[in-house]
Amino acid sequence: MNQGWTIQVEGSNHLFTPPSVQGSQEEEKARIRRQEHIRRDEQLRKRSVRQFVENMERVHQHGNRLISIFNLMRDGRELAEALQSAGASTKVIKPYIQIVDSSVCELTGFKLHDIWRYFRHTWSNAYATVPGRSMPILIRDAATDFHAVIGLAAISSPVVQIAERDRWIGWETDQFLEQVRAEPTADIACWLAHRIDAQQSEIYVDDLLRDGVLQPTDLATPTPEVINRLRADAERHRKKHHQASTIREVRNIKRDAWVERAMTDLFRCKRSSALAEALEIAALLGGYLSPPTVEGLTKALSDPKARTQMRRVVRRARGERVGTVIADLTVCGAVAPYNALAAGKLVGALAVSPQVLAAYREKYARPSEIASAMAGRPILREPRLSFVGTTSLYGAGSSQYNRLFWPAEVMGGNGTTRMGFHKLGRSRSFGTSHFSEETVGALVRLSALRGSLVRVNSLFGEGVSPRLRKVRLGLAALGWPVDELLRHGRERILYGVPLVENLRDYTLGIDREPKYLLNPELPEADAQVSDWWLERWCTKRAMRQDVLESMRSHRLIRPVQHGARVPLPVGDDMLPNPTERPGVVEQLTLAVGGDEYL
């Protein structure tokens, strides 16, 4: 209701209508911003969050200096004066990338992740951790004493299925098969044959043979009876997994613990189901590709049963690769006063730079948990990214990603190639961001109480988006229209940054090696990207008086009024207004010996 929904109750019937788009682009942005603030302010009212913010703003001693989070903000008046005196140059702003890990900032003594989290709380929407992979990034300014924060980014596991993105890449199943039908190649025939073999070889089968579900000859000559036995075994262990009073989960995986993980009911179910599919594919499609030739591929495409199996191969390949060679830019933006200089565009470009790609590759060049548990041995997946996607906060437009393109040579690529954020389409606006935490919690509890089976256990490997699936079950238990309520009415613009020339074929795994548009080993790429941003965007902005005046409003004098400070809401049982925290202000004054500056 607070977000503009209309709710009509007629007897036992409930009619839910989301808010409609009205007014100009700016009015629509303001409406969405108000909606997001409801959820964000709810989070900022939590005692643990308020205590975290207060601790970050409290002065502590680091070395022989007194430090607070305000030392990582740049005074807007000082920056405006520096830009007027020296112009936009690396003498005034020196951006660099800092990958956030478990280490501590040498200049301030803060944990890097705490710095990132503090400034993330200044966003319009609530801060939330994401499941799967996540690599937070800080963009800092070496031109200041404590290397002030310019902006934040985070590279995370992508949304598994986005129709607009998948069509743009060219790996949507029917689209891909139509392309293959029009132009069959030996490479694709070899890839399909390899996928069929790999799907079988990467499944642990010792216990299936031991329990009599399989015979050794069944793998070479599968029959419908074998496939049906495997599916029955999968269903039996699925029920055991959901009905178990305690769920056995192996989380601290050691090198020799993959078999133990494979033997859980969850992975026994997954293995039997996957092997049944792999054997059926081999039986109906494999004959056309032994050996793999263009002629055999063409014949398979004309056989409806073989074509159906081909669709399954493509879907499974996409499901395997989507979480390893594709990532989402889930956080991207600049903080005050740098945001007035279009520094969000700098953060966006640096987030897909060679240094970030190298850090991502190094971090995730390790055995895949799910694939290794399926195989009972370490399985490495490709960690080199081919594509990074993201969405705008507002459906009306994105000043941050609009026209964000740069010459590939800035990142060591070809001088005639352009890189950047391509507009892919619009999202279908599903999710739970319009529900309060209290509502989500109640629906999650209801999903566990409904019936005798615990159907979503939030275990790694059980499936994507466990919270969303629990919310769906809770809404269904109430008899309410699930899809209607999960459509939050906030369409967002989808963007994507292709990083390789052979996007479709490398992303699917047809090509073993990526043909990068940039030089992934270029050490000075962040400096070159920064120079490009200073010339292309910062210099022009710094010449505008309205921009300089906007920057000057962010002051590091008491009481601190700065756009990079977390805006704690005012109300009952919460901290005072950010400009009225006398305890903090007294400590800050002490820290500088009476000087008005921090």
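Select D233 first, in helix 9 (residues 224–243) of this predicted model; helices here are DSSP runs of H or I with at least four residues, strands are runs of E with at least two, and both are numbered from the N terminus. Residues are numbered from 1 along each chain as its sequence is written, and side-chain values use heavy atoms, with hydrogens and water left out. Because the model is predicted, local features need pLDDT of at least 70 and side-chain atom pairs count only at pLDDT 80 or more, whereas totals for chains, interfaces and linings use all residues; pLDDT is the predictor's confidence in each residue, from 0 to 100.

Is D233 buried or exposed? Its relative accessible area is 1%, so D233 is buried (buried means under 20% relative accessible area, exposed over 50%, partly exposed in between, with a 1.4 Å probe and protein chains only). Now show the side chain of R268, with which the D233 side chain makes a polar contact at 2.8 Å. Such a contact is a pair of N or O atoms within 3.5 Å; within protein, one must be able to donate a hydrogen and the other to accept it, and residues adjacent in sequence count only if both atoms are side-chain atoms. Beyond neighbours within four places in sequence, D233 is in contact (heavy atoms within 4.5 Å) with L208, V213, R268 and S272.

Next, select helix 7 (residues 186–201) and helix 11 (residues 265–285), whose axes come within 9 Å and cross at roughly 150 degrees. The axes are lines fitted to C-alpha atoms, for helices over the stretch in contact, and angles run from 0 to 180 degrees between N-to-C directions. The two helices, helix 7 and helix 11, are therefore roughly antiparallel, a term for angles over 145 degrees. To see where they meet, display I196, Q199 and Q200 in helix 7 against residues of helix 11 including A274, E277 and L285.

Follow helix 11 into the loop between it and helix 12 (294–302), where P291 is located. The peptide bond joining S290 and P291 is cis, with omega about 0 degrees. A cis bond also links A336 to P337, and P337 is in the loop between strand 8 (326–334) and helix 14 (343–350).

Move to C105, in the loop between strand 5 (95–99) and helix 4 (112–120). C105 is buried, at 2% relative accessible area. Apart from residues up to four places away in sequence, C105 touches H62, F110, L112, I115 and R140.

Then select R472 in helix 18 (residues 466–478). Leaving out residues up to four places away, R472 touches V482, D483 and L486.

Finally, colour the chain by pLDDT. The average is 87, and 88% of the residues score at least 70. Over residues 456–464 the pLDDT is below 50, although this stretch has 34 contacts in the model beyond near neighbours in sequence. Residues 575–598 also have pLDDT below 50, with 47 contacts counted in that way. Where pLDDT is low, the predicted coordinates should not be read in detail. Across the protein chain there are 23 helices and 13 strands, and 50% of its 598 residues count as buried.

Terms used. Angles under 35 degrees count as roughly parallel, over 145 as roughly antiparallel, 65 to 115 as roughly perpendicular and the rest as oblique.
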